[in-house]
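Please examine the protein chain shown below. The paragraphs that follow lead from the overall fold to one helix and then to the pockets.

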Amino acid sequence: MNLRQIILWIGIVLSLMSITNVQAQTVAERLGFPADAKLLIVHADDIGMCHAANAAFIESQETKIITCGSVMVPCPWFPEIAAYAKEHPDADLGIHLTHTSEWKFYRWGPLAERALVKGLLDPQGFLFRDVESVVQSASAAEIEAEIRAQLDQAIAFGIKPTHFDSHMGTVYAKIEYIQAAMKVAEEYDIPFMLFNPTPQILEQANNLRDGLVQISDTLQKQGVPLLDALYSIKNTPVEEAENFYRNLIADLKPGVSELIIHPSKESDELQAITGSHKQRNADFKIFTNPGMKQYIESQGVRLIGWKDLNKLWKSRTK
């Protein structure tokens, strides 16, 4: 064996050792934390939906409890948050893939050429209000076309997405939709929010159980960072919201958890859009209060963002 062959074999062995090491390590370890660390992403959804949501996210960056968020590109107030992102390139912002338009009077349509996404359109020409209608009407190809259009628009406006996820969970409603999103994630080199099949995750996605197990097994071997738990507030009176969040944080298990919130500043605009305006404003107040950050730290929980997971995504094996 000559020197060139020896060097080649050494390279192959080191590469295999690196792959094996990535598979053996937890996400926490790969980020430099103990293997059993409790990592929490506090994620602001629906940025760009309206000015009140944009203002809340921008102000929240001062206290650094809300670690990241994702932007609804088809919405009217998208240009405002895009301008902020361009001026603040360190902001941890992803894309909140939007295939629905749920509010009564405040509506939007797709960004893709309408002839390519007819299955996403309701009788009035807007995106459907609910996920079930999308599932019944839209093909995976139409979902993919709209994903591409929204990512292209965001990038054209100067956003450098750290990740992308799905408004109302539409892209997670069918394995074919997930596969379309994964395809785009690889092509654009942007991580799509996906999960380990933990009991907490499978309880929420029981209809996709087999598909998620199969997908996650492949992604784990590649070193793709996956979430172990996903939480949001449901069926809780606004006045009990802070206790809900504190109890949730206290009960977190080791691994990577994401807490989805919808922070917005109270305004006439927000009240006209949604009946959930009080909860959205409560999310803003709770997660910009320095006392919440102190509480999170007191529970041994470490805050991270999608920028951290994006670094692991970049180091995955293909």
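What percentage of the 318 residues of the protein chain count as buried? In this predicted model, the share of buried residues is 51%, where buried means under 20% relative accessible area.

The overall dimensions may be considered next. The C-alpha trace spans about 75 × 50 × 40 Å along its principal axes. The radius of gyration of the protein chain is 20 Å, which agrees with the value near 20 Å for a compact globule with 318 residues. The chain contains 14 helices and 7 strands. Of the contacts with a separation of 6 or more, 75% are accounted for by residues 24 or more positions apart.

Helix H12 (277-286) is largely enclosed by the rest of the structure, because 8 of its 10 residues are buried. These buried residues are His277, Gln279, Arg280, Asn281, Ala282, Asp283, Phe284 and Ile286. They pack against strand S1, helix H3 (51-60), helix H10 (241-250), strand S6, helix H11 (268-273) and helix H13 (290-298).

The largest pocket has a volume of about 1,000 Å³. It is lined by 40 residues, of which Met168, Gly169, Ser232, Lys234 and Ile260 are the closest to its centre. Helix H12 is one of the elements that give two or more residues to this lining; the others are strand S1 (38-47), strand S4 (164-166), helix H8 (199-204), strand S5 (229-232) and strand S6 (255-261). By class, the lining of the largest pocket comprises 19 nonpolar, 13 polar and 8 charged residues.

The second largest pocket holds about 280 Å³ of space. Among the 21 residues that line it, Gln25, Thr26, Val27, Asn196 and Gln220 are the closest to its centre. At least two lining residues come from each of helix H1 (3-24), helix H2 (27-30), helix H9 (209-222) and strand S6. The lining of this second pocket divides into 12 nonpolar, 7 polar and 2 charged residues.

Methods
Residues numbered from 1 in each chain as written. Predicted model: local features only at pLDDT ≥ 70, side-chain atom pairs only at ≥ 80, totals over all residues. Heavy atoms only, no water. 1 Å grid on protein atoms, 1.4 Å probe; cavity = no way out; pocket = protein on both sides within 12 Å on 5 of 7 lines; lining within 4 Å. Points joined across faces, edges and corners; volume = space filled by probe spheres on them. Helix = DSSP H or I, 4+ residues; strand = E, 2+ residues; numbered from the N terminus. Nonpolar A, V, L, I, M, F, W, Y, C, P; charged D, E, K, R; others polar. Rg over C-alpha atoms; globule rule 2.2 N^0.38 Å. Buried < 20%, exposed > 50% of the residue type's maximum accessible area, 1.4 Å probe, protein only. Contact = heavy atoms within 4.5 Å.
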